[in-house]
Amino acid sequence: MKLGFIGIGVMGMPMSLNLMRKSGYPLMVYDLNREAVAALAAQGAEAAENACQVAGSCDIIFTMLPRDEHVSAVYQEIYEDIRPGQIYVDMSTISPEGSRRAAALVREKGADLIDAPVVKSRPAAVDGTLGIYAGGRRETYEAVLPLLRCMGANIIYLGENGAGLVMKLCHNMLVAEIQNGVNEALSLASHAAGIDPKTFAQAASYGGAQTFYLDSKADTLQKGDFTTAFATEYMHKDIMLAKGLCEEAELQLEGMELAVKRYDQALKNGWGKEDFSCTYKLFTSNPEE
């Protein structure tokens, strides 16, 4: 069996490396960034010249791409090379409807596709401890589960195609709302008593206000070091996709709307490439710094 991986970005690079090292199967990789492909080839992967070569050569193909339009373009590009019996695992965070369209396209050729978006950021991708939310046919999910375990520590099957993405978007919507609550509480604690983020996180852990976001980002917030683990522009994309789901369901969720407002402002301030925790700067006295 031969594996393929299309999309060697911030997350795709460590994910594909773990897949190759832990699965024991040969891996062919492709990305528009030829330096990324060369870096993986130096580690033992086979470099592909284009996405069609991956589809034409591999049995199970993973894709990790930024947005709906990129996923659509890749699956349209490789359509003629898809063959019966192949499995495609799209780990991108896109709209559930976009994923269902990709699955339908793949199934026209007798292959199958599941959505398997990931949670947590690059450090977990490096460690192979990502959370993975899967949607699609259960038998296909079970067939690729050993491979998903090469990249993730917590993997859950959610239902039919698109269900994994619905869960991912709800997850990130909740993170954004928790983040906004943390930022507001930190602002009040600082103004009212000079309590810094690390002290606040320690004190919060003694009661019911402890959160993974606060625990993992307290040091980052205190130092003001927003080196990217997960870019603000991608978090903005995800909550906008969640907003679209709300509109489809005719739900008015005020917490989500406030989170959208915060991220709109972060992008307006030019922070799109910074880590998503940079929204904390909206609550400091000098947000432009």
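This is a predicted model: local features need pLDDT of at least 70, side-chain atom pairs count only at pLDDT 80 or more; totals for chains, interfaces and linings use all residues.
**Helix 8 with helix 10**

- On the side of helix 8 the residues that take part are Ile 178, Gln 179, Val 182 and Leu 186, and in helix 10 they meet Tyr 213, Leu 214 and Leu 221.
- Sorted by class, the contact of helix 8 with helix 10 holds six nonpolar residues and one polar residue, with no charged residues.

**Helix 8 with helix 12**

- Helix 8, which covers residues 163–193, also packs with helix 12, which covers residues 254–268, at an angle of about 75° and with the two axes 9 Å apart.
- Because of that angle, helix 8 is roughly perpendicular to helix 12.
- Helix 8 contributes Met 173, Ala 176, Glu 177, Gln 179, Asn 180 and Glu 184, which meet Gly 255, Met 256, Leu 258, Ala 259, Arg 262 and Tyr 263 in helix 12.
- In the contact of helix 8 with helix 12, six residues are nonpolar, three are polar and three are charged.
- Gln 179 of helix 8 is listed in the contact with helix 10, and Gln 179 is also listed in the contact with helix 12.

**Helix 9 with helix 10**

- Helix 9 (residues 197–204) packs with helix 10 (residues 212–223) at an angle of about 160°, and their axes lie 8 Å apart.
- An angle over 145 degrees counts as roughly antiparallel, and helix 9 and helix 10 are therefore roughly antiparallel to each other.
- The handedness of the crossing of helix 9 and helix 10 is left-handed.
- The contact draws on Pro 197, Lys 198, Phe 200, Ala 201 and Ala 204 from helix 9, and on Leu 214, Asp 215, Ala 218, Asp 219, Leu 221 and Gln 222 from helix 10.
- By class, the residues of the contact of helix 9 with helix 10 are seven nonpolar, one polar and three charged.
- Leu 214 and Leu 221 of helix 10 are listed in the contact with helix 9, and Leu 214 and Leu 221 are also listed in the contact with helix 8.

- In helix 4, which runs over residues 68–77, the buried residues are Val 71, Val 74 and Tyr 75.
- Viewed down the axis of helix 4, these buried residues fall within an arc of 95°, so they line one face of the helix.
- The elements that cover the buried residues of helix 4 include strand 1 (3–6), strand 4 (60–63), strand 5 (87–90), helix 5 (96–108) and strand 6 (112–115).
- In helix 7, made up of residues 138–148, the buried residues are Thr 140, Tyr 141, Val 144, Leu 145, Leu 147 and Leu 148.
- Seen down the axis of helix 7, its buried residues fall within an arc of 160°, so these too line one face of their helix.
- As background, an α-helix has 3.6 residues a turn, so residues three or four places apart point the same way.

**Two loop residues with positive phi**

- Most residues other than glycine have a negative phi.
- Lys 120, a residue other than glycine, has a positive phi, near 80°, and Lys 120 is placed in the loop between strand 7 (118–119) and helix 6 (122–127).
- With a relative accessible area of 46%, Lys 120 is partly exposed.
- Glu 250, again a residue other than glycine, has a positive phi near 55°, and Glu 250 lies in the loop between helix 11 (232–249) and helix 12.
- With a relative accessible area of 73%, Glu 250 is exposed.

- Leu 27 is placed in strand 2, residues 27–30, and Leu 27 is buried, with a relative accessible area of 2%.
- Once its neighbours within four places in sequence are left aside, Leu 27 is in contact with Leu 3, Gly 4, Phe 5, Ser 16, Leu 19, Met 20, Ala 45 and Glu 46.
- Gly 270 is placed in the segment after helix 12, and at 55% relative accessibility Gly 270 counts as exposed.
- From C-alpha to C-alpha, Gly 270 and Thr 232 are 9.9 Å apart in space, while in sequence they are 38 residues apart.

Conventions:
Residues are numbered from 1 along each chain as its sequence is written. Side-chain values use heavy atoms; hydrogens and water are left out. Axes are lines fitted to C-alpha atoms, for helices over the stretch in contact, and angles run from 0 to 180 degrees between N-to-C directions. Helices (H or I, at least four residues) and strands (E, at least two) are DSSP runs, numbered from the N terminus. Angles under 35 degrees count as roughly parallel, over 145 as roughly antiparallel, 65 to 115 as roughly perpendicular and the rest as oblique. A crossing is left-handed if the near helix is turned anticlockwise from the far one by less than a right angle, and right-handed if clockwise. Contact means heavy atoms within 4.5 Å. Ala, Val, Leu, Ile, Met, Phe, Trp, Tyr, Cys and Pro count as nonpolar, Asp, Glu, Lys and Arg as charged, and the others, Gly among them, as polar. Buried means under 20% relative accessible area, exposed over 50%, partly exposed in between (1.4 Å probe, protein chains only). The arc is that of the directions from the helix axis to the C-beta atoms.
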